[in-house]
Amino acid sequence: MTAVLREMRWWDIEPVLELEHELFPEDAWSAGMFWSELAHARGPGATRHYIVAETPEGRLVGYAGLSAAGDLGDVQTIAAARDQWGTGLGARLLTDLLRAATAFECAEVLLEVRVDNTRAQKLYERFGFEPIGFRRGYYQPGNVDALVMRLSDPATSVTSAAPLNSENPVRSETHG
């Protein structure tokens, strides 16, 4: 059965952290980082949008977050549990983030993705993201470069992206 997407709340931080440590053991976010993001996700001055994907049985199987500043959106993170790869969950999470970017009136959306995560790059390319540069040694430990990608007009991308058949967890973050 398909996972349901819903707003991430504070009580989701612990299960999100479990998935975070499983998927990104070397550069997992801390609880404090998620708390900080969620602190800006509600109310009239909200600048963040965070969601989780939950199975009908209540198991958290994915999460994603977006930051908005002015007319610029920034994908912070996207992750899907390994048993969800190939189900289209990553594309659903990204679609939700791009809808949020449109609601925030973002003219473009940026992200960083590991240069060695080609599946994630293909997901982004399917949605119209284009490479615009690199951030050398962005991912630590390991000194792995990040590919910086940009999407112009996220509203158009949401309606034109084709579904995907495979995904990897995607780490796109501004937290160095």
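Visitor: At what angle do helix 1 and helix 2 pack, and how far apart are their axes?

Guide: Two packed helices are described by the angle between their axes and the distance between the axes. In this predicted model, helix 1 (residues 13-23) packs against helix 2 (residues 31-38) at about 130 degrees, and the axes are 10 Å apart. That angle makes helix 1 oblique to helix 2. As for handedness, helix 1 passes helix 2 in a right-handed crossing.

Visitor: Which residues make the contact?

Guide: Helix 1 brings Ile13, Val16, Leu17 and Glu20, while helix 2 brings Ala31, Phe34, Trp35 and Leu38. Sort the contact of helix 1 with helix 2 by class and you get seven nonpolar residues, one charged and no polar.

Visitor: Okay, on to helix 4. Which of its residues are buried?

Guide: First, the general idea. An α-helix has 3.6 residues a turn, so residues three or four places apart point the same way. Helix 4 spans residues 118-126, and its buried residues are Ala120, Gln121, Leu123 and Tyr124. Look down the axis of helix 4 and these buried residues fall within an arc of 155 degrees, so they line one face of the helix.

Visitor: What covers the buried residues of helix 4?

Guide: The cover includes strand 4 (72-80), helix 3 (89-103), strand 5 (108-114) and strand 7 (144-152).

Visitor: Is Tyr124 buried or exposed?

Guide: Buried: Tyr124 has a relative accessible area of 0%.

How values were computed:
Residues are numbered from 1 along each chain as its sequence is written. This is a predicted model: local features need pLDDT of at least 70, side-chain atom pairs count only at pLDDT 80 or more; totals for chains, interfaces and linings use all residues. Side-chain values use heavy atoms; hydrogens and water are left out. Axes are lines fitted to C-alpha atoms, for helices over the stretch in contact, and angles run from 0 to 180 degrees between N-to-C directions. Helices (H or I, at least four residues) and strands (E, at least two) are DSSP runs, numbered from the N terminus. Angles under 35 degrees count as roughly parallel, over 145 as roughly antiparallel, 65 to 115 as roughly perpendicular and the rest as oblique. A crossing is left-handed if the near helix is turned anticlockwise from the far one by less than a right angle, and right-handed if clockwise. Contact means heavy atoms within 4.5 Å. Ala, Val, Leu, Ile, Met, Phe, Trp, Tyr, Cys and Pro count as nonpolar, Asp, Glu, Lys and Arg as charged, and the others, Gly among them, as polar. Buried means under 20% relative accessible area, exposed over 50%, partly exposed in between (1.4 Å probe, protein chains only). The arc is that of the directions from the helix axis to the C-beta atoms.
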